[in-house]
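Colleague: Please take one close look at the inside of this model for me. Start with a single side chain and work on from there.

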Amino acid sequence: YAPTPRATPAGRLQGLWLLARNPIESWTQAHYTQPILAGESPLFGYAVVVNHPPAIRRVLVDNAANYEKDPLQLRILKTGSSGGEGLFTATGDAWKRTRRTLSPLFTPRRVATFAGLMQNNAEARVDRWLKRRPGAILEIDREMTGVTYDILSTTLFSDAIAKDSTGFERALMQYLDAIGRVDPLDVFNAPAWLPRIASFRARAPLAFFTQTMMRIVEERQALIARDNASAPDDLLTALLRASDPETGIGLSTEDVIANLLTFIVAGHETTSRALTWTLYLLSQSPEWRARAEAEAANASPDPANWLDEMHTIRAVFEEAMRLYPPAPVLTREAQDFDRLGETNVPKGALVIISPWILHRHKLLWTQPEAFMPERFLPGARDAIDRFAYLPFGGGARVCIGARFAMLEAVIVLATILRRTRLTLVAGEEPKPLQRITLRPQGRLAMQVHKIG
Ligand code: HEM
């Protein structure tokens with residue numbers, strides 16, 4: 001354990017600058033080599049950065065009741081929200097009830113029913129690419145944002161938002177952009193009632209978004225009341241029919257809308273960034289690209305089975321999420337005093353688990369900076385500590401959409417690899433930038449070539 005020095009005003013300003021620019025650059029060499037670092041942080045009071053798998057296990061599982069999601073994270077993710085509580089930001093009993101209610105929507109069997117839609121959307125996107133002249137340049141980050149948006153909107157709402165999808169998609173992007181920046185007021189611990197810049201910027205897109213969802217939800221409620229059997233079998237219908245298995249109570253309309261927004265915010269950018277990084281890494285590794293292309297070429301007919309059959313593509317995707325975890329930090333607040341190994345954790349301390357550091361930690365990985373998907377092939381994968389690799393978090397609050405995201409990723413990648421080869425445009429080495437999710441700074445241009 002190594003303490004960090006007390007923050008001076010100049011240190012705070014420097015910290016603010018680093019955080020506003022790119023939070024992942026604020027980690028020091030010690031973070032990548034020490035199991036636990038604790039001390040007064042430049043910006044967030046007493047902080048404990050945990051990179052030690054047994055200690056992470058204690059935070060997320062064994063003593064999880066002592067580590068609630070921290071108020072700052074909750075405020076950022078709830079920016080501009082009015083009424084309704086989504087699963088991501090719910091705490092205590094409300095979280096338990098919501099998690100019990102929503103779990104049946106994400107079982108492997110339920111998720112498999114979306115495989116056909118995932119494939120159709122991916123095929124349609126590749127069709128569009130191949131209509132362009134050979135060697136056309138694509139902004140692959142935008143393309144991945146597009147295909148994951150198409151998949152999410154069709155699995156959530158079927159075609160209910162097709163009518164005004166451009167406005168809806170634009171509003172979503174503006175909202176994410178508004179909440180994705182560190183606010184100076186938060187950094188200086190200004191009281192919660194002082195309005196943040198983000199709330200102003202988020203207000204208009206969120207209002208548009210909520211209104212559109214309200215209309216869709218009301219139309220669907222009316223359809224279910226009129227003719228239950230004819231309602232589309234999508235996540236919206238499932239949310240409206242869901243109830244807590246213990247109490248039989250369903251979700252309020254506000255909670256349905258809050259969870260729709262949660263699924264979009266939590267499930268869209270994360271998946272699209274992970275796909276973008278995977279395509280970038282494959283473009284740099286002829287060996288793994290050839291292996292992944294060969295696997296895609298031999299795909300079995302039913303895409304619902306691909307996640308369990310395509311070991312190479314899955315391993316490539318998992319290794320991409322090791323190097324570029326879409327959610328690069330998880331934070332909690334200690335509700336009471338605890339000890340993590342030899343380190344004291346005072347009540348109120350901010351506990352930071354950073355998959356970005358953890359996945360590149362010198363004590364946990366051989367050649368941490370190298371792209372080596374073989375780490376995740378069957379057999380080898382069992383050697384990875386469950387709490388050394390956390391793209392989807394862990395414990396009771398593990399990502400509810402993990403299976404959905406994995407199936408979607410394998411289907412999108414296999415569809416692309418079966419029909420195209422993407423090469424990086426020279427001079428386009430991407431630099432990772434943290435804005436809630438971890439994305440490449442600027443655009444990622446790639447050339448598309450038809451194969452097969
Ligand atoms: C929670 C990552 C896709 C919905 C989480 C957490 C992580 C994560 C790290 C835990 C956060 C914490 O403990 O503080 C990812 C990544 C994804 C992905 C990397 C894609 C590659 C999805 C999808 C959905 C989704 C597709 C929904 C359709 C959620 C929800 C939670 C969550 C609702 C909160 C769960 C709870 O607190 O009970 N995700 N996610 N995620 N994710 Fe995902």
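Modeller: Glu319 is buried, because its relative accessible area is 0%. Buried means under 20% relative accessible area, exposed over 50%, and partly exposed in between, with a 1.4 Å probe and protein chains only. Glu319 sits in helix H17, residues 311–323. Helices are DSSP runs of H or I with at least four residues, strands are runs of E with at least two, and both are numbered from the N terminus. What does the side chain of Glu319 meet? One of its polar atoms lies 2.6 Å from the backbone nitrogen of Met372. That is a polar contact: N or O atoms within 3.5 Å, and within protein one must be able to donate a hydrogen and the other to accept it.

Keep in mind that this is a predicted model: local features need pLDDT of at least 70, side-chain atom pairs need 80 or more, and totals for chains, interfaces and linings use all residues. Residues are numbered from 1 along each chain, and side-chain values use heavy atoms, without hydrogens or water.

Now a contrast. Gln367 has 54% relative accessibility, so Gln367 counts as exposed. Gln367 lies in the loop between H18 and H19. Its phi is near 45 degrees, a positive value in a residue other than glycine.

Cys399 takes us to the ligand. Cys399 lies in the loop between helix H18 (355–358) and helix H19 (402–419). Its SG atom is the only protein donor of the iron atom of the ligand, at 2.3 Å. Donors are N, O and S atoms within 2.8 Å of the metal, or 3.2 Å for Na, K and Ca.

How many residues surround the ligand? There are 26, and the closest are Trp95, Arg99, Arg332, Arg397 and Cys399. To count, a residue needs a heavy atom within 4 Å. The shell divides into 16 nonpolar, six polar and four charged residues. Asp, Glu, Lys and Arg count as charged; Ala, Val, Leu, Ile, Met, Phe, Trp, Tyr, Cys and Pro as nonpolar; the others as polar. Helix H5 (92–102), helix H13 (253–267), H14, strand S5 (330–334) and H19 each supply at least two residues. The largest share, three residues, comes from H13.

Last, the cavities. A cavity is a set of points on a 1 Å grid where a 1.4 Å probe fits but cannot get out, and lining residues have an atom within 4 Å of a point. Two cavities reach 30 Å³ or more.

Tyr149, Phe157, Phe168 and His268 are among the residues that line it. Five lining residues, the largest share, come from helix H8, residues 140–157. Here the lining has six nonpolar, two polar and no charged residues.

How values were computed:
On a 1 Å grid over the protein atoms alone, a cavity is a set of points where a 1.4 Å probe fits but cannot get out, and a pocket is an open set with protein on both sides within 12 Å along at least five of seven lines; lining residues have an atom within 4 Å of a point. Grid points are joined across faces, edges and corners, and a volume is the space filled by probe spheres set on the points.
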